[in-house]
Amino acid sequence: MNRVRKGDLVEVISGNDRGVRGQIQRVLPTKQRVVVQGVRIVKKHQRRTPGVRTQTGIIEFEAPIHASNVMPVCPACDKAVRVGYAVQANGTKVRVCRACEGILD
Ligand SMILES: [Zn+2]
């Protein structure tokens, strides 16, 4: 079970975008990285590739950042929180906020 998932609202806790909140758009589990909306916008000079129809010129997009640099935001606490785990009565494992014990899933 991953600490953060696609669609989660997270806060960046280090780097140039520290304190910025955004939704996770993509998770790269093998690289332990996530793409967060509005975080680490990079410019890329995209050359035209013969035969491939793609956006060219100077393009801006969100680059992946390491998953350890983000923390989920608890809806109850409205803060970036550490994640714990709990098993519910029906046997499903859920993520919980370690500050308020509220369920994050
Ligand atoms: Zn909480």
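Predicted model: local features only at pLDDT ≥ 70, side-chain atom pairs only at ≥ 80, totals over all residues.

The points below take up the metal site, the sheet, and a few side chains in turn.

1. The zinc site. Which residues hold the zinc ion? The protein donors are the SG atoms of Cys74, Cys77, Cys97 and Cys100, at 2.1 to 2.3 Å from the metal. Angles between the four donor atoms run from 103 to 113 degrees, and the arrangement is therefore tetrahedral. For reference, the ideal angle for four tetrahedral donors is 109.5 degrees.

2. Spacing of the donors. Along the sequence, the donor residues of the zinc ion follow the pattern C-x2-C-x19-C-x2-C. Distant parts of the chain are linked in this way: Cys74 belongs to strand 7 (residues 70-74) and Cys97 to strand 10 (residues 93-97), with 23 residues from one to the other.

3. Disulfides. A disulfide is a covalent bond between the sulfur atoms of two cysteines. The structure contains zero disulfides.

4. Six strands form an open sheet in the order 6-3-2-1-7-8, and their pairing is antiparallel. The edges are taken by strand 6 (65-66) and strand 8 (79-80); each has a single partner strand, so one side of each lacks a neighbour in the sheet. In general, strands of a sheet pair through backbone hydrogen bonds.

5. Strand 7 and its partners. Strand 7, which carries Cys74, is mostly covered, five of its five residues being buried. Strand 1 (residues 9-12) pairs with strand 7 in the antiparallel sense through three bridges, and Val10 has Pro72 as its bridge partner in strand 7. Strand 8 is also an antiparallel partner of strand 7, over two bridges, with Val73 opposite Ala80.

6. The hairpin. Strands 7 and 8 form a hairpin with four residues between them. Which residue of the turn has a positive phi? Asp78 does, with a value of about 55 degrees.

7. Strands 2 and 3. Elsewhere in the sheet, strand 2 (residues 21-28) and strand 3 (residues 33-36) are joined by four bridges in the antiparallel sense. Leu28 has Arg33 of strand 3 as its bridge partner.

8. Aromatic side chains. How many aromatic pairs does a search of the whole structure find? The search returns zero.

9. Arg48. The loop between strand 4 (41-46) and strand 5 (57-62) contains Arg48. With a relative accessibility of 62%, Arg48 counts as exposed. Arg48 and Arg95 are separated by 47 residues in sequence and by 44 Å in space, taken from C-alpha to C-alpha.

Notes:
Residues numbered from 1 in each chain as written. Heavy atoms only, no water. Pairing = 2+ DSSP bridges. Phe/Tyr/Trp six-rings, centres within 6.5 Å; stacked < 30°, edge-to-face > 60°. Disulfide = S-S within 2.5 Å. Donors = N, O, S within 2.8 Å, 3.2 Å for Na, K, Ca; no water. Tetrahedral: all angles 85-135°; square planar, octahedral: opposite > 155°, others 65-115°. Buried < 20%, exposed > 50% of the residue type's maximum accessible area, 1.4 Å probe, protein only.
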